[in-house]
Amino acid sequence: MADHRDGLPQGKKGNVLDRTASAPETFQDPGLPPHRPRSTDVDSGAAKRAERQVALLFAVSIIGSVLFFIGYFGIRVDGDIYSVTDPEATSALRLQNLLLGGGIALGMLGIGVGVVHWARTLMPDHELVEERHDVVTEAQRAEAEQIMGTILDESGIKRRPLIRNTLIGAAVLAPLPFVGLLRDLGPLDLTPLRHTLWEDGVRLVRDPSGTPIKASDVTLGSTFHVLPENLSGLSHDDGYLDEKAKAVVLLMRLDPDTVNVSPGREDWNVDGIFAYSKVCTHVGCPIALYEQRTHHLLCPCHQSTFDLANECEVIFGPASRPLPQLPISVDDEGYLVATGDFPEPVGPTYSQRVIAVNEMEEENGN
Amino acid sequence: MSASTTTSTHGTSAEYQADTNVGKIANFVDTRVGLSPIIKEFGRKIFPDHWSFMFGEVALYCFIILLLSGTFLAFWFDPTMATTEYTGNYVPMQGVEMSAAYASTLHISFDIRGGLFLRQLHHWAALLFSVAIMVHMARIFFTGAFRRPRELNWVVGCLLFVMALVAGFSGYSLPDDVLSGNGLRIVDGLARSIPLVGAYISMLIFGGEFPGHAIIGRMYIVHVFIVPVIILALIVVHLFMVVVHKHTQFPGPGRTENNVVGFPVGPVYAAKAGGFFFIVFGVLAAIASMVQINAIWNYGPYDPSPVQAGSQPDWYMLWTDGALRLMPGNWPFNWEWDLFNLVSLPMAVLLPILALTVFVIGMFIWPWVERWVTKDNRVHNILDRPRNAPTRTGLGVAAMVYYGVLMIAATGDLIATHFHVAVNDVIYLLRFLFFFGPIIAFIITRRICLSLQRKDREIVLHGRETGRVQQLAHGEFIEVHEPLDEYRRYTLVSYEDAQVMPAQENAKGKITGSEKVRGRLSRFFYEDRVAPVTPTELEAAHHEHAHDVDQLESAGSTSTRH
C-alpha cells in the first residue's frame with residue numbers, strides 16, 4: 001500500500017495530510033461500548049413515573065378523540081359563510097375546524113408520544129447485533145443458473161427459433177392497439193390555434209360586464225380588460241372558455257407622440273388607443289399588470305415585460321415574441337370595433353407555429 | 001384447559017394445541033397461512049437507530065395519511081367540468097357559474113363537517129411528503145448509502161421523487177380554481193413547445209384546445225389511481241429491497257460491514273416507528289386545524305382572463321417555475337428559433353426544461369458515475385460521514401444550490417415587493433448564481449469538509465479540549481486536553497483513506513481516452529484529502545503529551561487527569 005501511494009502525485013496545493021511512510025495500520029475495533037443504564041433501569045420509582053406518564057399520554061389521546069365528537073355534534077354551522085351581516089356561521093366553522101382537527105391531533109399525538117416514551121424509557125435499550133448475509137451467494141447463483149437452464153431447456157425456446165421469433169413479433173405488436181387507442185384523446189387539427197373570435201366589425205366589450213366601449217371612454221393612462229362582443233353568445237358547452245382563453249385583449253390609450261408604429265400598422269390604433277392580446281407569448285398566462293408611467297406590460301407569472309411604446313417588444317423576462325396587436329377602429333356609433341382577427345396565432349409558441357405564421361401571411365398578402 | 005398434544009391428522013407427529021382463545025385464533029391462522037416463519041424472520045430483526053433514518057419514515061407515513069384523507073375527499077369531490085351555478089353557503093360565490101369540480105370543492109370546504117380539515121390535512125400532508133422525500137434523498141446521498149448493493153433502490157427512490165411531483169401537481173389542478181387553471185395553462189405552454197409534436201401532445205392532453213372540458217377528469221384518474229398505484233408499487237419494491245439489504249449504519253465501535261447493530265423490531269423498533277406514525281399524523285392534524293392552505297374560495301373558478309400578482313405554485317414545483325423565470329427570452333439575442341421554416345423551437349422554454357431534465361437525470365445516474373470514477377465496486381453497509389467524502393458532499397451541496405436558485409427564482413416577484421428591490425435585479429443576480437453559485441458552494445463545502453476532517457484528527461491526536469488552563473513551572477500556560485476513550489476514537493478514525501487512482505491500462509496495455517478522463521476525475525475527487533490517524537501517529541502524539549504532563553507534575557500542580 002505504502003509503495004503504491006508513493007508513486008502518486010502529491011496535492012498541488014500541499015493540502016495532503018498524509019500518513020508517514022511506515023507500514024499501514026489501523027485501529028482495532030474495540031467492540032460495542034458498555035451499556036449505560038437509564039434511570040428507569042436502576043430506579044423503580046423512575047420506572048413507575050414513566051409508566052404513569054405513558055398512561056397519562058394515552059388518556060390525553062382519549063380526551064382528544066372525545067373532543068372531536070364535541071366539535072362534530074356540538075357545533076352547528078348554520079347559514080351563510082363569509083356573510084358580511086352575519087359572521088356567526090363563519091366563526092362557528094372556524095371553531096369547528098379547530099376542534100375537529102385539534103381533537104384528531106391530540107388523539108394521534110397522545111398515542112404516538114406515549115408509545116415512543118414507553119419504548120424509550122421502559123423497553124430494553126440494549127443494542128443487539130445481527131449478522132448480514134450476502135445478497136447472493138455463489139452457491140445460490142450456480143443453483144439458479146442451473147434451474148434457469150432447465151427451464152429454458154424444457155421450454156425448448158432455444159431449439160425452436162421459429163416459435164421464439166414469432167413470439168417476439170407478437171409481443172411487440174400486441175400492446176400497440178392500446179397505444180393506438182390514445183389517439184382519440186383529442187383532435188389533431190391545429191387550425192383552431194390560428195383563429196380567435198375577433199373579426200371585422202366585432203365590438204370590443206368590457207370584461208366581465210360585456211358593455212361596449214366608446215373611444216372617448218378610454219382616457220390617457222386608463223386600461224381596459226376586453227372581450228369580443230360575440231363571446232357572450234357562447235355557452236360553456238360550446239367552448240366559451242376555449243375562445244375566451246384566446247380572445248382576451250388589453251386596451252389602453254397612449255400618447256401617440258411617444259409610440260413607434262411600424263409601417264403597415266398605422267391604421268391599427270384609434271388615436272393612440274392600442275389593443276394587444278392579453279395572452280403571454282411565453283407560456284400563456286394572462287398579462288394583467290400595466291405600469292402606466294413606463295408604458296410596460298408585465299406578466300405576473302414569469303415577469304416577462306413588454307414595451308407598449310414599441311409595439312410590445314420584449315424588454316425583459318422569458319418571453320421571446322411581442323404580444324400580437326389587434327387592429328381596431330370605431331364604428332358609426334363611436335364604439336371601438338376590431339377590423340380583423342390577430343394577424344398571427346396568439347399565445348405561447350407551438351411546434352407548428354412557424355408554418356401557421358407563414359401561411360397566414362400569405363393569406364393576408366393575397 | 002392445559003396445553004396438550006394429540007396425534008395429528010397424519011398420525012406421525014404431535015400437533016400443538018393452544019390454551020387461550022387468542023392463542024387458538026393465532027394458531028388457526030398460523031397453520032393456514034404460516035405466521036411462524038414470518039415472525040421468526042422479522043420479529044427480532046435488527047434495525048440501526050439514528051435520527052436521520054426517520055425521514056423516509058415520514059415520507060411513508062405522509063403517503064398513508066394522503067391515501068386516507070384523499071379517500072374521504074373523493075367521496076364528495078366531483079371531477080367534472082360541467083357548468084353549474086353555485087347555490088351553497090359561501091356568500092361571495094353564490095350565483096356564480098363554475099365547474100362542478102370547483103363547486104364540489106367549495107361544498108367540501110363549507111358544507112361537509114370536517115371537510116375543510118380534510119382538505120387542509122391532505123394538502124399539508126402532500127407538502128410534507130415531498131419535503132420528507134427530498135430530505136431523505138439528501139441523507140442517502142451525503143452518507144453514500146446509494147453505493148453497492150443499493151444503487152437500484154436509489155433509482156426507485158428517484159422514481160418516487162418524480163411521482164411525488166406528478167401526484168402533487170395533478171392534485172393541485174383538481175379544484176379548477178384560477179390559480180390551478182393558470183398552472184395548467186403553463187403546462188399547456190410547456191407541452192406545446194416540444195419540437196415537432198408539442199402542439200399535438202397539448203391537443204391530446206386537453207382533448208382539444210386549452211382548457212377544454214376533459215382535463216379535470218383526466219387529472220383525476222391520474223391523481224387518484226395511476227400515480228398512487230405506481231407510488232404504492234414503488235414503495236413495496238423500496239421496502240422489499242431494504243429488507244434484502246438490511247439497513248445501513250453509521251461507523252462506530254462494534255459496527256462492521258458484516259453486521260447490523262441496533263434494536264429489534266419487536267418491541268422497541270415497532271413501538272418507536274409505529275408511535276412515530278401517530279406523531280406525524282398528529283402534527284399534520286394540528287397544522288391542518290390551525291393553518292389555512294390553498295383557500296381556493298378566494299381565487300374564484302377558473303377563468304382565462306384574471307390572474308393575481310404574486311402567484312406561486314406549491315413549493316415542490318417552485319424550481320420548475322423558477323427555471324422558466326430565469327431564462328431570458330430576448331437577450332442577448334432572440335431565443336425563438338425556426339428550423340427550416342418547418343418547426344418552431346421556443347428555446348426560452350426548451351432550455352429551462354433541459355436544465356430540469358439534466359438535474360433529474362444526474363440524480364438517477366449518480367451511483368454509476370461515482371462507481372466509475374472511484375472504481376469502487378465493493379459492498380458498503382457502513383455509511384460515510386459526509387465530511388469523510390469531501391468531493392461528494394461538495395457536489396451534493398452544489399446540486400442543492402442549483403435547485404435552490406431555481407426555487408428562489410420562482411419567488412423573484414415576492415422578493416422584489418417585500419424587499420423593495422427591482423424584480424429585474426433579483427433575476428439578474430439569480431442568473432449569475434445559477435451558473436456560479438454551485439461552483440462557489442462546491443469549493444466552500446469541500447474546504448469545510450477537509451477542515452472538519454483535520455479537526456477530527458486534532459481531537460484524536462490531542463484529545464478533547466477541557467477548557468482548563470494550567471500554568472507550568474516556567475510560566476507557560478497550557479490547556480489540559482482529555483484523551484478520547486477508545487470508542488469515540490474509533491468512530492473518528494475508522495473511515496477509509498480513499499486514494500487517487502490514475503488512469504489504468506486495459507487488458508491490451510492501452511490507456512483509453514475514457515480512462516484518462518476517469519483518471520482526471522479521480523484526481524479531482526481525491527487529490528485533496530485528509531488521512532485518518534494511525535496508531536503510530538497517536539503514539540507519537542502521546543509522547544509529546546506525556547512530556548507536558550511530566551512538566552506539569554514536576555511543577556507540583558495538580559493534574560486532574562489522575
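How much of residues 246-337 of chain A is helix and how much is strand, and how far apart are the end C-alpha atoms? The span is 2% helix and 30% strand, with its end C-alpha atoms 17 Å apart. Helices (H or I, at least four residues) and strands (E, at least two) are DSSP runs, numbered from the N terminus.

This is a predicted model: local features need pLDDT of at least 70, side-chain atom pairs count only at pLDDT 80 or more, and totals for chains, interfaces and linings use all residues. Residues are numbered from 1 along each chain as its sequence is written, while chains are lettered from A and ligands numbered from 1 in the order in which they are written.

**Annotated spans**

**Chain A**

The domain assignment, automatic or from a database, gives domain 1 (40-121) and domain 2 (191-365) in chain A. Their centres, taken over C-alpha atoms, are separated by 56 Å.

**Chain B**

Chain B has 19 helices and ten strands. Its C-alpha atoms fill a box of roughly 95 × 85 × 60 Å along the principal axes. Of its 562 residues, 41% count as buried. Buried takes 20 or more other C-beta atoms within 10 Å of the residue's own, exposed 12 or fewer, and partly exposed lies in between; C-beta atoms are placed from the backbone.

Residues are in contact if their C-beta atoms, placed from the backbone, lie within 7 Å. Among chain B contacts with a separation of 6 or more, 71% join residues 24 or more positions apart.

Lys24(B) sits in helix H1 (residues 21-33) of chain B. Lys24(B) counts as partly exposed because it has 13 C-beta neighbours inside 10 Å. From Lys24(B) to Val244(B) is 220 residues in sequence and 32 Å in space, C-alpha to C-alpha.

**Where the chains meet**

The contact takes 114 residues from chain B and 94 from chain A. On the chain B side, helix H10 (residues 265-290) gives the largest share, 17 residues. That side has 61 nonpolar, 36 polar and 17 charged residues. Nonpolar means Ala, Val, Leu, Ile, Met, Phe, Trp, Tyr, Cys and Pro; charged means Asp, Glu, Lys and Arg; the others, Gly among them, are polar.

Strand E1 (residues 128-131) of chain A pairs with strand E6 (residues 259-264) of chain B, antiparallel, over four bridges. Pairing requires at least two DSSP bridges between the strands. Leu128(A) has Gly262(B) as its bridge partner in E6(B).

Terms used:
Contact = placed C-beta atoms within 7 Å.
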